[in-house]
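I opened this entry to record what I looked up in the structure. I began with the contact between the chains and then turned to the fold of one of them.

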Amino acid sequence: MAALRALLNVPADDDVAIDRATAASPDAIVLDLGWSLHPSRRAAARTRLPGRIARLAARVTPTYVRVGGSDATDDLNAAVSGSIAGLIVPGVASAGTMRTLDAQLTDIERERGLPAGSTQVIALLDTGPGLWWAREIAQASQRVSAVVLGMGDLAFDVLGTSEEIPYFTGPMPRFGAPTYNLSRLPFVATAAGVPALGLLATTVAPGHLDKGHLGEAVRLAWEFGFKGALTTHDDAVAICQTGFEVPDDVVERARSVVMAPERYSPSGVRQARAAIAAARRW
Amino acid sequence: MKGATKYYLVRRSKLVVSPLDDPALAAAAASAADAVVLDVAGLASTNRAAGLAAVPAAAQMLSRLGIDVLVKVDGAVAEESLEECIRPEVRAIVAELNTPEEVTALDRLLTRLEVRRGQNPFSTGIDLILTSANAVLDVQAILASAWRICSLNIDEESLAAEMGVMLGDRVDQLEFARGRIIIAASLFGIQSHGLGFVKGGVSGTETLRARAAMGLKFGHKGAFCSSPEEARLLNEGYSFTSEEIDHAQAVKDAMEDGLRRGIGAVALPGAGGAMVDIIMLTTSRGVLSWVDAVREKEEQRGYSSANRAGSPVAVGVE
């Protein structure tokens, strides 16, 4: 699977935003049929989706479509084609949901003469149950190619009451990110053999981009084992693409271990070699 | 009310040495290590047979000094070779195993060998090292697969390699794994071993002692090490300070007195009115149980370790 350090989310009906996103050279563009579109605009966006996907395919930009949810049948019907890299599906909260989605996608693929299982799915885990059942969700279907930590909506799910929600907004969430629970996701993803995407310690909410904080958040996410992030900001693309590479100081440290293996444990040398290999792969 | 756990296992420091390295064995014997791991798995394949053959004599020498002897093997060891390791002097086998099936296979093998050698079945423990993300996630099923597992560890660097990260000192990248095995070990009534995380700025010997002390705070009771000096530092780190011991004793005395008077929470004398309750009594009893177990171990080994808060006491083995 190609590197997914920065996936740039744009409203699926905004050609100006799509053109601008393409110019930012993200690892993938996400045409959003969900939260960034007003409900009244979604039907028209679905109708024009195939044309926009074709235009992006001509530019060789991997394209994902973010649907409204695993039960957004109209979105799935509009999006499934041989020209997209996959779907981003929010609200997946159980393995059963993923299996149901898998079956639904197989039916659509069959109708369109596409190979069964060819539509990959990135599961956006943005609820408490989704994070809890992450391992089962990742292993419920061969389509799952990555999992994303949906920090913003997860916070709303966890916080619950309307009085608490305003305290969440901004680049630095004011509720403590429980690192035990959140650092579990890279473990789950590693066990399932898929990358975990996401950021810790910040949301990149529209209008709240803070480059200094984002760079730190990317580094923190990388340290915990996340491999990329979903963002709505063109300016965030380069920061993510750089930040989710293995940092230079880490590569140097790894090289010093590999060059003097007798001083380190076998697993320490393995760790260093894995870091160097990861640096080269991206 | 829950009574204090009596600790039968004191392995604050598990010193790893080659069974073929006589000077290292001699140094281990003279060290303060609570346990010595004869590392057969770390030998080149051409030396494994010689390493296994050296285990009986090394184990006998070390165990006479009150040192717990463990033998580290890997999956490639043949049943007939492992038989030499099954003896009263060898308290446990150290193995990197990541599935319930792997643990069950070793468990059954050990049982066969124990019976063959006339030893009590299940008298040889398993000191288990988890090296994969899947194993950390499946730890409950793994621990349920053999009750001879006496302690649980993670191989931090293997986990980091699998996740594609390198461990640093800015954040605890393995917080999830550490927490998970501590809780799982507690659930199954066994010890978890490992170092805690200390944020940057601590280096050298202080790092190891600080990491051990942090590990103790989280529930770990020991860790692997590779030199007698490291063993000494781990012993210090995994021992409570005199202040912590005094506090635990004060809490225990105050609460037990309160309970005799029918009170469930009391003000701790001389602590500015700080309240203590039954949960803190349980914790304090646990601290004092560990202190007693450590003292017993050190008496058995013929020394007393440095007190972290008081003046250093000479460490040595007679």
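I counted three salt bridges between chain B and chain A in this predicted model. I looked up one of them, in which the side chains of B:Arg170 and A:Glu223 meet at 2.8 Å, N to O.

I next asked which helices of chain B each supply at least two residues to the side that touches chain A. They are H5 (133-137), H7 (156-163) and H8 (175-187). The largest share, seven residues, comes from H7(B). By class, I recorded 14 nonpolar, six polar and eight charged residues on that side of chain B.

I noted the extent of the contact as 28 residues from chain B and 30 residues from chain A. The two chains bury about 2,600 Å² between them, with 57% of it on carbon and sulfur atoms. On the chain B side, B:Met163, B:Met166 and B:Phe176 lose the most area to chain A, together 30% of what that side buries.

I then turned to the sheet of chain A. I read an open sheet of eight strands with parallel pairing, in the order E7-E6-E5-E4-E3-E2-E1-E8.

A:Val89 has A:Ala123 of E5(A) as its bridge partner. Helix H4 (95-111) of chain A packs on the sheet, touching E4, E5 and E6 (144-149), and its direction makes about 150° with that of E5(A).

Conventions. Residues numbered from 1 in each chain as written. Chains lettered and ligands numbered in written order. Predicted model: local features only at pLDDT ≥ 70, side-chain atom pairs only at ≥ 80, totals over all residues. Heavy atoms only, no water. Contact = heavy atoms within 4.5 Å. Buried area = accessible area lost by both parts, 1.4 Å probe. Salt bridge = Lys/Arg side-chain N within 4 Å of Asp/Glu carboxyl O. Helix = DSSP H or I, 4+ residues; strand = E, 2+ residues; numbered from the N terminus. Nonpolar A, V, L, I, M, F, W, Y, C, P; charged D, E, K, R; others polar. Pairing = 2+ DSSP bridges. Axes fitted to C-alpha atoms, helices over the stretch in contact; angles between N-to-C directions.
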